[in-house]
Amino acid sequence: MAQDAGMFMVHQTIGSVLCCKCGIRMQPNAANMCVKCLRSEVDITEGLLKRLVLVHCPECESYLQPPRTWVKLQLESKELLTFCLKKLQKNMNINKVKLVNAEFIWTEPHSKRVKVKVSVQKEVYNGAILEQSYLVEYVQQDHMCESCSRVAANPDQWVAAVQLRQHVSHRRTFYYLEQLILRHGAAARAVRIKQMDHGIDFYFSNRSHGNKFVEFIGKVAPVKSRSDKQLVSHDSKSNNYNYKYTFSVEISPICREDLICLPPKAAAILGNIGPIVVCTKVTNSIALLDPLTLKFGFLDAEQYWRTSFKSLLTSRQLVEYIVFDIEPVSSEITVGGTKYVLADAQVARVSDFGSNDTQFSIRTHLGHLLKPGDHALGYDLYGANTNDMELDRYKGYIPEVVLIKKSYEEKRQKKRAKARSWKLKSLNMEVDDKIKVDEDKRDAEYEHFLKDLEENPELRFNISLYQNKDYQPSEVASVTEDDGEPIPSVPDDELLAANLLAAEFDDLDLIEDGDGEDNMAE
Amino acid sequence: MATRLQFENSCEIGAFSKLTNAYCLTAIGGSENFYSAFEAELADVIPVVKTSIGGTRLVGFLSVGNKNGLLLPHTTTDQELQHLRNSLPDQVVVQRIEEKLSALGNCIACNDHVALAHTDLDKETEELLADVLGVEVFRQTVAGNVLSGSYCALSNRGGLVHPHTSIEDLDELSTLLQVPLVAGTVNRGSEAIAAGMVVNDWTAFCGSDTTATELSVIDNVFMLRGDTRPGDGFDGMRKSLLDSYK
């Protein structure tokens with residue numbers, strides 16, 4: 001600016017002229033007419049839309065966004081204002097009018113009218129910009145949206161079904177999967193969940209939801225899946241076909257703590273680890289450990305299903321042993337986050353303990369856990385009656401006992417059944433009444449699953465545990481029986497703030513510090 | 001009293017005509033109405049000449065003159081020059097000048113004593129102006145526009161300038177020109193004053209879009225109503241608008 005450059009500028013006073021129409025004195029402007037005359041000359045709202053229709057679904061309070069989307073909007077909200085103004089935009093652009101301001105005028109909620117006061121600006125008469133506000137009225141028409149009408153017509157309607165199956169005799173996997181699904185909210189879109197024999201069925205209203213769920217399962221378990229569709233209806237005029245989609249997902253029958261005799265093909269893939277292996281972890285791949293050599297192998301879903309083998313012995317067939325002597329042979333090895341120590345041990349079955357002298361000298365991978373006098377659970381290959389072709393064919397050394405884990409049964413029995421300080425949420429599944437369900441068996445399995453959770457911190461990793469308000473730690477602290485080792489339990493800091501579940505569980509306290517460790521001083 | 005007229009449906013009559021105290025030039029138009037309007041007012045007093053300049057009808061934009069002389073751009077043909085020399089009175093010197101800014105009417109506003117010129121006018125042209133027209137030349141802008149000829153209409157008794165002219169500018173110009181000046185509009189708010197009207201000491205012609213307010217302002221500042229008092233619109237109209245019981 002010349003002024004900034006130090007030049008002397010005379011102060012300019014704007015003079016006044018007479019409005020060319022009405023003759024009153026005014027400041028000169030681009031049109032040289034006073035505002036009133038200008039307004040009377042020009043109506044910039046001419047040709048703009050003043051009355052529009054909004055299609056509204058009374059069931060779900062949503063508005064139609066052509067051609068087919070329904071958006072949920074609140075009355076007198078910012079989003080509704082944006083939605084209403086969008087409809088005016090094209091018309092405004094054609095008339096070269098600029099939107100300056102908009103606000104709602106209150107209307108009765110039942111009047112089915114939404115009123116918006118809009119201020120617009122337009123250029124008139126070579127440069128003069130005129131601003132004017134006017135009222136736009138939106139009439140709300142009621143029309144049920146597609147999803148609401150479908151729900152109203154047939155509430156049980158599903159479009160995609162996912163059938164999850166695992167052909168084993170227990171439901172541990174499904175308890176664990178249930179917790180995973182809850183944690184990640186994968187079944188949030190499911191219309192119905194039904195418990196079936198050997199599995200669970202999930203029903204969705206959209207094929208893509210079903211597909212997403214199948215992919216989620218594929219990431220957490222080794223699965224084989226296939227999908228099919230069935231024609232439901234066909235509109236020959238518009239060539240619309242409606243299908244029902246079914247996804248059949250099968251989870252591999254290998255579970256944690258299973259004993260497996262590997263067929264030679266599978267052993268070859270894994271680097272020829274001994275035919276007797278223990279399954280240590282199942283995620284979307286299966287981790288196998290050779291207990292005699294501490295060698296590891298991983299099989300992912302594809303590889304497993306190519307050489308699909310079954311387990312030799314499952315955790316139902318675990319037998320309790322007592323350890324007499326243990327001698328570490330190797331140093332501590334960490335594989336996949338867990339420590340193992342190869343050790344030679346002298347064990348005897350608890351059933352044999354008092355009655356006869358049968359003892360076994362075995363090699364075990366639990367050298368870091370076991371001490372003389374401990375109880376352990378393991379598979380009794382010496383006395384087992386197996387029906388496996390691979391095992392019969394194998395000519396080499398087969399161990400007589402394979403120990404799997406330490407047993408806390410004795411200690412648990414000393415404590416009377418105490419309430420746990422934590423609890424789990426569950427999916428609301430329909431149970432088929434026609435299938436005979438053995439209540440005791442189910443309860444025992446669930447209890448076993450909970451014990452498993454307590455003993456294995458790595459299992460708890462992906463699960464949400466919630467604080468149990470009914471639990472009173474003071475009772476437990478009074479127990480004085482001392483056995484040297486605490487029973488595994490869940491430390492308090494792993495428990496989640498239960499305000500996530502306020503409705504269901506009534507727990508509203510935030511956890512600040514654990515009330516000390518929950519390890520019992522025994 | 002100012003007259004309202006149109007040239008071929010355009011209200012910019014200042015482009016198509018030039019009015020001074022000694023003569024009037026009009027363009028050759030489609031209908032005779034334009035010419036007749038001038039004739040009706042001026043026929044007895046001063047010659048009204050129909051002409052073209054350089055083959056165009058923009059007589060008002062291209063030429064500048066007063067009672068002493070007339071200056072024409074270099075685009076004027078010899079025939080036109082001769083025609084004008086023949087038609088105009090002998091005391092009016094008609095001269096064709098070589099000037100880069102050939103729209104002389106837009107660049108220079110003048111009356112019989114003083115002229116406002118475009119700031120970039122040639123020195124020779126300025127001297128010619130002083131010589132031929134007998135005026136004192138001031139290089140000035142009007143409301144920041146260098147085309148002082150088109151934004152200012154001047155007569156010996158008053159002047160009308162661009163409506164956005166500030167008060168300081170108005171004072172300065174008024175002092176230079178020694179006539180009362182008013183900022184106003186013509187042709188319903190148009191800012192190009194000299195394009196919309198032509199004026200001499202006793203009469204004025206405006207485009208037909210000019211509103212009554214603008215017309216009264218013009219009448220007042222150029223003192224066309226026979227009042228010797230200059231001034232503000234209402235004072236002038238007071239007598240006719242207000243009844244008195246005296």
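I began in chain B, where strand 5 pairs with strand 6 (residues 69-72) in the antiparallel sense over two bridges. I count strands as DSSP runs of E, at least two residues, and helices as runs of H or I, at least four, numbered from the N terminus. Two strands pair if DSSP finds at least two bridges between them.

For the basis: this is a predicted model, where local features need pLDDT of at least 70, side-chain atom pairs count only at pLDDT 80 or more, and totals for chains, interfaces and linings use all residues. Residues are numbered from 1 along each chain as its sequence is written, chains are lettered from A and ligands numbered from 1 in the order written, and side-chain values use heavy atoms, without hydrogens and water.

I found B:Gly65 opposite B:Leu70 of strand 6 of chain B.

I then traced the whole sheet. It is open, with three strands in the order 5-6-7 (chain B) and mixed pairing. Strand 5 (64-65) and strand 7 (93-96) of chain B are at the edges with a single partner strand each, so one side of each has no neighbour in the sheet.

I moved to chain A. Which residues of helix 4 of chain A meet helix 5 of chain A? I listed A:Leu177, A:Leu180, A:Ile181 and A:His184, facing A:Phe213, A:Phe216, A:Ile217 and A:Val220. Contact means heavy atoms within 4.5 Å.
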